[in-house]
Amino acid sequence: MKYPINEVFETIQGEGSHTGVPAIFVRLQGCDVGCSWCDTKQTWALEPQNQVAMDEVIQVDGTIGRWSMLTPSELISRIAKFNAKLVVVTGGEPAMYDLMALSLELERAGYQVQLETSGTYPISISDNAFVTVSPKVNMQGKKTVLKSALERANEIKHPVATAAHIDDLNELLAQIDSNGKAICLQPISQKPRATELAIATCIANNWRLSIQTHKYINID
């Protein structure tokens, strides 16, 4: 099994339940969800002219949309130089791919795996993986957030700009038993109004506020 990887880098997880934890981000190429506020639009298309050698996606700037096909073992051999033991599989939309082989091999190598997904694809990943669903509702790609993805989620991290986004989240949560899941609200683009709304809603519902701390401290 090979995966199209846009970039691999070591940093600090800036969002959700693992905020502050050293992490290796593995960003997969390819996404058809179409989020208007996406800050990694370079990962949407698998452009043949942007395919590069394996080592050209390790600890480099992935903003031009370069990508390389790596097997799990090829990836693991290249991240061995890093100290972090949390591997965050993100995108793009990583759940477009069957992640079972990748997650199992990472776990066998001693890593904890976290998946970040929009919830619009069925999730195929190790039972031990920590799954973060960041539901993308009414995006350009016209894809539906799947009940099965919400049920698999350990954490539901919802982007918020307006009260309508809170309504969207409540409709999604009504489909499932959310007991035991971390429910996080994440203000979009650091806007004060969105942050104030998220804070008030978290207090009212005993949810968690997820600030994109990496943007405040200016790291990747």
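Is C184 buried or exposed, by relative accessibility?

Analyst: This is a predicted model. C184 counts as buried, at 0% relative accessibility. C184 is in no disulfide. Its nearest cysteine sulfur belongs to C202, 7.8 Å away.

C38 is partly exposed, with a relative accessible area of 21%. The disulfide count for the model is 0.

Now the charged pairs. The count comes to 5 salt bridges. One of them joins R27 and E7, with N to O at 2.9 Å. R27 sits in strand β2 (residues 22–28) and E7 in strand β1 (residues 3–12). The two are 20 residues apart, and the pair links distant parts of the chain. R27 is buried at 11% relative accessibility. E7 is buried too, at 10%.

Another salt bridge pairs D32 with K143, the closest N and O atoms lying 3.9 Å apart. D32 is in the loop between β2 and β3, and K143 is in the loop between β6 and α3, so the contact ties together parts 111 residues apart in sequence. D32 is partly exposed at 36%. K143 is partly exposed at 25%.

K147 and E151 form a salt bridge as well, with their closest N and O atoms 3.9 Å apart. Both lie in helix α3, 4 residues apart, about one turn of the helix. K147 is partly exposed at 42%, and E151 is partly exposed at 44%.

Conventions:
Residues numbered from 1 in each chain as written. Predicted model: local features only at pLDDT ≥ 70, side-chain atom pairs only at ≥ 80, totals over all residues. Heavy atoms only, no water. Disulfide = S-S within 2.5 Å. Buried < 20%, exposed > 50% of the residue type's maximum accessible area, 1.4 Å probe, protein only. Salt bridge = Lys/Arg side-chain N within 4 Å of Asp/Glu carboxyl O.
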